[in-house]
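Subject: Structure handover

Dear colleague,

Here is the structure you asked for. My notes on it follow below.

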Amino acid sequence: MDRAAFQTVALALGNDPKAAAIEISVGGLSLCAEEGALVVAFAGGDFDWRRDGRPLPPAARLTLRPGEVLSARAGRAGAWTYAGVAGGVDTPTEMGSRSTHVRSGIGGLDGRMLRAGDILPVGPGAAAGFATDAEIDAPWLDGRRDPIRVVLGPQDDYFTPAALAGFFETDFTLTQAADRMAYRFDGATIAHARGHDIVSDGVALGAIQIVGDRAPLVLMADRQPTGGYPKLGHVILADIGNLAQMRPGEICRFRRASLDEARAALREMDHAIMTTTARLRPLRREMTPAWLLANNLIDGVVKSPEER
Amino acid sequence: MTGETAPRYLPAGEAALVVEFGERIDEAINDRVVALDQAVTAAQLAGVVETVPTYRSLMIHFDPRRTSTSALIDAVRVLNPASVPRKPPRHRAIPVCYDPPFAEDLGEVASILGLTQQDIVALHCGALYRVYMYGFAPGFTFLGGLPDALAIPRRATPRPPVPPGSLLIAGGQALIASISMPTGWYQIGRTPVRVFDQTRDPMVLAGIGDTIRFERIDAADFVELSAQAPSRADG
């Protein structure tokens with residue numbers, strides 16, 4: 001859902017870019033290392049990550065030792081975060097991939113969501129030594145609230161010019177109907193100039209479908225490959241992750257972009273993500289009172305001998 | 001080749017291109033989609049990740065880091081689909097049971113269309129179908145060739161999931177469902193053959209452009225064929 005976060009994790013671990021990782025939603029996850037220490041990394045959204053209950057930054061790479069519990073819970077923002085391991089998750093491939101398609105029960109671990117008690121095998125390279133635990137300074141994952149950029153087409157001619165103009169001037173609210181298949185928004189209804197159906201056509205990532213006269217449906221990672229509804233435009237790849245990280249009730253706007261802008265934005269994001277390994281900062285193992293206060297994790301500080 | 005209008009090239013975002021041959025369900029249009037799909041695959045164009053043939057268009061997914069919409073359009077324009085040896089269409093016969101409990105909506109369809117259930121079965125079973133597209137979910141086989149008398153509009157609200165192997169009709173189209181999904185279509189029969197099997201080669205029952213005929217079986221045959229390891233249709 002947030003490919004930039006997924007790539008950041010792979011780079012932080014020195015993994016192959018296609019190495020499998022775990023995608024975690026607001027439901028959270030806890031995991032531990034079996035058999036031996038593992039180098040793990042996580043990034044995406046502003047989740048509440050902890051090791052043995054002690055707070056961690058929202059993006060980091062660290063050595064997880066047997067007996068330690070690494071946990072993620074929904075934090076202040078963000079809907080998806082990613083946890084990877086050096087060497088990659090080593091489940092069997094299906095049709096050349098380790099991804100899971102839950103609806104058809106294909107891939108991943110037995111084609112389903114992960115459950116408590118599941119054991120995930122890890123590929124070679126897991127024990128490669130990274131000396132220091134590190135925080136990942138990844139501003140490209142900050143989830144800015146700029147308008148989401150959209151390239152028009154292929155059925156933008158199915159909508160009146162007034163409807164299209166209105167689309168780009170409206171606040172849209174993400175509804176509860178937001179999952180890996182599609183994100184449904186509430187906002188202005190979008191008037192059709194032509195019919196409401198098309199003969200089934202291919203559907204690409206980020207397609208903005210207008211079903212009937214209702215507000216938009218943005219098609220995401222688990223979308224159907226084909227569909228019979230007009231597509232006003234597509235969210236650009238560089239902005240899909242930001243859109244995916246929205247939570248129900250949050251508001252966004254869309255703005256029109258050209259193909260050139262979309263390509264430039266993707267290049268810019270790629271270049272930013274490539275700097276991941278240069279943006280690792282030593283991670284302090286214990287959180288100081290000042291840090292806790294600054295992050296609203298405590299209400300106040302009592303002066304103590306340890307404070308400088 | 002002769003007298004054909006040029007297709008439209010439509011961007012679908014910066015990582016996909018739609019080559020659109022028409023807006024209808026039509027054999028000649030679908031033939032052009034299939035021909036271009038085979039030509040694009042044979043040409044191994046740089047940056048192409050996947051092609052998705054539909055009734056009337058070919059969607060080409062590509063990596064925008066390796067190519068661009070305009071470069072891909074240029075590369076596709078110079079292909080000569082007519083020169084790529086076409087895979088000859090194959091014919092499949094697929095066993096179908098139209099008896100209870102495998103035809104849950106047959107009664108409802110009969111009353112909506114004002115036909116008897118036997119008429120509906122005879123019409124559906126007697127037609128020759130062509131595979132136009134795979135879509136919606138893995139293995140869902142979209143067919144053309146449904147007799148006009150069986151044109152029933154899609155349901156206003158979807159019905160609960162149909163079992164795998166269901167034969168569905170709606171909107172003038174026929175469909176073989178692979179996995180269990182809720183649907184706005186009507187189930188009028190079921191095949192015991194495994195419609196989609198990712199461990200089998202091929203994974204699906206038929207290629208786009210292939211033809212299919214349904215062969216009627218009774219409920220006892222259905223149970224027996226299901227119990228065997230039914231992985232292929234005859235043909």
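Which residues does B:Ile188 touch, not counting residues up to four places away in sequence? They are B:Tyr98, B:Ala103, B:Asp105, B:Leu106, B:Val109, B:Ile120, B:His124, B:Leu167 and B:Ile169. Touching, or being in contact, means that the C-beta atoms of two residues, placed from the backbone, lie within 7 Å.

Before the rest, two notes on reading the model. This is a predicted model, in which local features need pLDDT of at least 70 and side-chain atom pairs count only at pLDDT 80 or more, while totals for chains, interfaces and linings use all residues. Residues are numbered from 1 along each chain as its sequence is written, and chains are lettered from A and ligands numbered from 1 in the order in which they are written.

Cores

B:Ile188 belongs to the largest nonpolar core, which has 107 residues. Together with B:Ile60, B:Ile169 and B:Leu175, B:Ile188 touches the most other members. The biggest contribution to this core, six residues, is from helix α1 (residues 27-43) of chain B. A separate second core has 40 residues, including A:Ala41, A:Leu62, A:Val85 and A:Ala134. A nonpolar core here is a set of buried Ala, Val, Leu, Ile, Met, Phe, Trp, Tyr and Cys residues joined through C-beta atoms within 7 Å. A residue counts as buried if 20 or more other C-beta atoms lie within 10 Å of its own, as exposed if 12 or fewer do, and as partly exposed in between, with C-beta atoms placed from the backbone.

Chain B

Chain B has five helices and 13 strands. Helices (H or I, at least four residues) and strands (E, at least two) are DSSP runs, numbered from the N terminus. Along the principal axes, the C-alpha atoms of chain B fill a box of roughly 55 × 35 × 35 Å. Of the 235 residues in chain B, 44% are buried. Among its contacts between residues at least 6 apart in sequence, 63% join residues at least 24 apart.

Where the chains meet

The contact between the chains takes 25 residues from chain A and 28 residues from chain B. On the chain B side, β1 (8-11), β2 (16-20) and β4 (57-62) each supply at least two residues. The largest share, three residues, is from β4(B). By class, this side of chain B has 16 nonpolar, eight polar and four charged residues. Ala, Val, Leu, Ile, Met, Phe, Trp, Tyr, Cys and Pro count as nonpolar, Asp, Glu, Lys and Arg as charged, and the others, Gly among them, as polar.

Chain A: domains

Chain A is divided into domain 1 (3-142 + 279-294) and domain 2 (148-270), with bounds that come from an automatic or database domain assignment. Taken over C-alpha atoms, the centres of the two domains of chain A are separated by 30 Å. Ten residues of domain 1 are in contact with seven residues of domain 2. Helix α1 (residues 3-13) of chain A supplies the largest share of the domain 1 side, three residues.

Chain A: strands

Four strands of chain A form an open antiparallel sheet in the order β2-β7-β4-β5. Its edge strands, β2 (29-31) and β5 (54-55), each pair on one side only. Strands pair if DSSP finds at least two bridges between them. Within this sheet, β4 (residues 46-51) and β7 (residues 70-77) are joined by five bridges, and A:Arg51 has A:Leu70 as its bridge partner.

Elsewhere in chain A, β3 (residues 38-43) and β6 (residues 60-64) run antiparallel, with five bridges. A:Arg61 is the bridge partner of A:Ala41 in β6(A), and A:Ala134 in β11(A) is the bridge partner of A:Arg61.

Two buried spots in chain A

A:Gly84 lies in strand β8 (residues 81-85) and is buried, with 25 other C-beta atoms within 10 Å. A:Gly84 and A:Ala41 are 43 residues apart in sequence, but 5.3 Å apart in space, C-alpha to C-alpha.

Helix α3 (residues 237-244) of chain A is largely enclosed by the rest of the structure, because eight of its eight residues are buried.

Regards
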